[in-house]
Amino acid sequence: MAKLYINENHKKGHINPELYGHFSEHLGRCIYEGLYVGENSVIPNQNGMRTDVVEALKEMKIPVLRWPGGCFADEYHWKDGIGPKEKRKKMINTHWGGVVEDNSFGTHEFFELCEQLGCKTYINGNVGSGTVQEMSEWVEYMTFEGVSPMADLRKANGHEKAWKVDYFGVGNENWGCGGNMTPQFYADNYRRYQTYVRIYDDQKPISKICGGANVADYYWTEEVLKKAFDNVPEQFHGLMDGLSLHYYVHPEGWEIKGSATEFDDAVWYKTLSKALYIEELIEKHGAIMDQYDPEKKIGMIVDEWGGWYTVEPGTNPGFLYQQNTMRDALIAGLSLNIFNQHCDRVKMANIAQMVNVLQSVILTEGEKMVLTPTYHVFHMYRDHQDADLLESYIAGTKEIGKEAEFKVPNLQESVSVSSDGTIHVTLNNLSVSEAEEIELVLTEKSIQKITAGIVTGAINAYNTFEEPNKIQEQTFDQIKITGNKAVFTIPACSVMALHIR
């Protein structure tokens with residue numbers, strides 16, 4: 001029997017709601033058909049936003065949404081997406097699928113969506129092919145209340161009041177699709193561009209996100225921070241609030257990737273081993289950040305993460321449409337637990353992407369909508385948002401897996417306490433076949449009641465439009481409570497959430 005020890009008296013950090021953030025790019029059917037169907041669609045909508053999708057995301061308690069990219073951000077010119085829709089410029093989306101982008105979803109539509117969702121806003125600016133003036137004018141258009149050309153233009157386009165931009169990314173993947181820059185060149189550009197991400201209202205600050213590394217590119221992190229902080233007077237240290245990190249799980253590597261639904265036990269363990277690798281990345285990039293920011297004022301922003309597989313047969317390869325199995329539920333459960341455990345440094349994370357692209361929480365097809373296993377994990381984990389991380393430890397874990405290189409622990413957890421004193425435990429069983437009996441032990445508190453939910457099933461199981469509820473959150477009540485202890489058995493291939501009062 002494994003033992004899960006929880007010290008309810010030791011709070012280790014605060015879990016920002018933004019750790020449960022999402023990402024929407026002009027890619028495939030994420031925006032169009034997924035989030036936005038237009039005001040004249042037969043699909044129920046409010047101001048063009050799909051009602052069923054919006055309601056599902058609100059139920060999941062989405063805290064923040066990143067837009068418009070991704071690689072698309074560094075070829076996006078925001079003025080093409082404002083004004084009368086019939087007059088907006090059309091373009092070819094050269095990054096994703098070679099389809100026509102008609103810019104019918106732009107700045108006004110994004111803020112409309114976020115207002116309906118009740119979430120914070122994360123805008124990604126164009127450094128790769130845009131100018132300082134363009135970025136400066138976009139910030140002015142969105143956030144300035146006074147008299148100015150851009151504020152007047154916003155009002156002429158039908159929005160009198162300025163919006164709130166919570167986060168602004170100065171470029172995206174500038175080591176690659178965002179300009180193929182050297183870290184030194186990007187850092188100089190970051191210093192210049194962020195200067196013009198002006199905060200016009202001190203009551204509405206904008207957190208500035210610097211473009212960070214891809215996977216284990218520690219050289220990028222070191223050089224960008226070195227250059228960005230070079231000869232910066234103390235009073236100007238507010239030039240950076242976050243540094244991004246991107247990491248995708250490719251079971252068979254970047255070129256091949258592998259099927260989203262057809263895999264065996266060995267590939268299962270290989271995939272989960274690669275998902276767990278994000279913890280090493282956080283620790284090593286974090287150690288570099290500590291040299292320049294020992295007080296951890298700069299957040300690590302993991303604004304692209306998740307499983308990335310070969311697209312579904314017969315779909316546009318540039319649309320990155322893939323199914324979502326119990327394997328993705330475990331990737332989500334493991335990753336979110338790791339973000340919780342490193343909440344002292346990780347301040348936001350955005351799974352890629354929200355609808356119909358990569359490891360999405362929702363799939364749509366015409367009027368139909370399906371909630372994926374990943375959705376149900378996010379829904380179960382939502383109580384961690386704005387809670388305090390508690391010290392926890394599992395004794396008696398086993399090393400499992402088919403290959404020595406890809407061994408993983410059979411169990412993994414994170415624990416938090418919310419302001420009302422409820423303790424939230426999220427627990428993963430990574431085993432393909434073995435259930436595990438667990439004794440949960442609190443340091444002092446006597447357990448009065450535990451409610452729990454679970455997402456479980458065969459490793460390849462997934463939801464379809466014909467069978468939308470094959471994998472879903474279920475109530476779990478097989479728990480025996482005695483004083484400060486509880487005993488239960490977590491099934492193989494499971495993600496569980498327990499709420500202790």
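## Strand pairing around E25

In this predicted model, Leu440 has Ala486 of strand E25 as its bridge partner. The two strands concerned, E21 (residues 436–442) and E25 (residues 485–490), run antiparallel and are joined by six bridges. Strand E25 also pairs with E24, again in the antiparallel sense, over four bridges, and in this pairing Ile479 stands opposite Phe488 of E25. The hairpin of E24 and E25 has two residues between its strands, and Gly483 adopts a positive phi near 60 degrees there.

## The ten-stranded sheet

These pairings belong to an open sheet of 10 strands, which follow the order E23-E22-E26-E20-E19-E16-E1-E21-E25-E24 with mixed pairing. Its edges are formed by strand E23 (474–475) and strand E24 (479–482), each of which pairs on one side only. Strands of a sheet pair through backbone hydrogen bonds, either parallel or antiparallel.

Helix H8 packs on this sheet, where it touches strands E16 (388–395), E19 (411–417), E20 (423–429), E22 (450–456) and E26 (494–500), and the direction of H8 makes about 50 degrees with that of E19. Helix H9 lies across E20, E22 and E26, and runs at about 15 degrees to E26.

## Helices H8 and H9

On the H8 side, the contact is made by Met326, Asp328, Ala329, Ala332, Gly333, Leu336 and Asn337, while H9 contributes Pro373, Thr374, Val377, Phe378 and Tyr381. Sorted by class, the contact of H8 with H9 has eight nonpolar, three polar and one charged residues.

## Helices H5 and H6

A further helix pair is formed by H5 (residues 183–195) and H6 (residues 218–228), whose axes come within 8 Å and cross at roughly 40 degrees. That angle makes H5 oblique to H6, and the crossing of H5 and H6 is right-handed.

From H5, the residues that make the contact are Pro183, Gln184, Tyr186, Ala187, Asp188 and Arg191, and from H6 they are Tyr219, Trp220, Glu223, Val224, Lys227 and Ala228. By class, the contact of H5 with H6 has seven nonpolar, one polar and four charged residues.

Gly176 lies in the loop between strand E9 (167–170) and H5. With a relative accessible area of 13%, Gly176 counts as buried, because the cut-off for that class is under 20%. The C-alpha atom of Gly176 is separated by 45 Å from that of Asp420, a residue 244 positions away along the chain.

## Strand E5 and its parallel partners

Strand E5 (residues 64–67) pairs in the parallel sense with strand E2 (residues 21–23) over two bridges, and here His22 stands opposite Leu65 of E5. Strand E5 also pairs in the parallel sense with strand E8 (residues 120–125), over four bridges, and Val64 stands opposite Lys120 of E8.

In a regular strand the side chains alternate between the two faces of the sheet. Within E5, Val64 and Arg66 point one way whereas Leu65 and Trp67 point the other way, and all of them are buried.

Methods. Residues are numbered from 1 along each chain as its sequence is written. This is a predicted model: local features need pLDDT of at least 70, side-chain atom pairs count only at pLDDT 80 or more; totals for chains, interfaces and linings use all residues. Side-chain values use heavy atoms; hydrogens and water are left out. Contact means heavy atoms within 4.5 Å. Ala, Val, Leu, Ile, Met, Phe, Trp, Tyr, Cys and Pro count as nonpolar, Asp, Glu, Lys and Arg as charged, and the others, Gly among them, as polar. Axes are lines fitted to C-alpha atoms, for helices over the stretch in contact, and angles run from 0 to 180 degrees between N-to-C directions. Angles under 35 degrees count as roughly parallel, over 145 as roughly antiparallel, 65 to 115 as roughly perpendicular and the rest as oblique. A crossing is left-handed if the near helix is turned anticlockwise from the far one by less than a right angle, and right-handed if clockwise. Two strands pair if DSSP finds at least two bridges between them. Buried means under 20% relative accessible area, exposed over 50%, partly exposed in between (1.4 Å probe, protein chains only).
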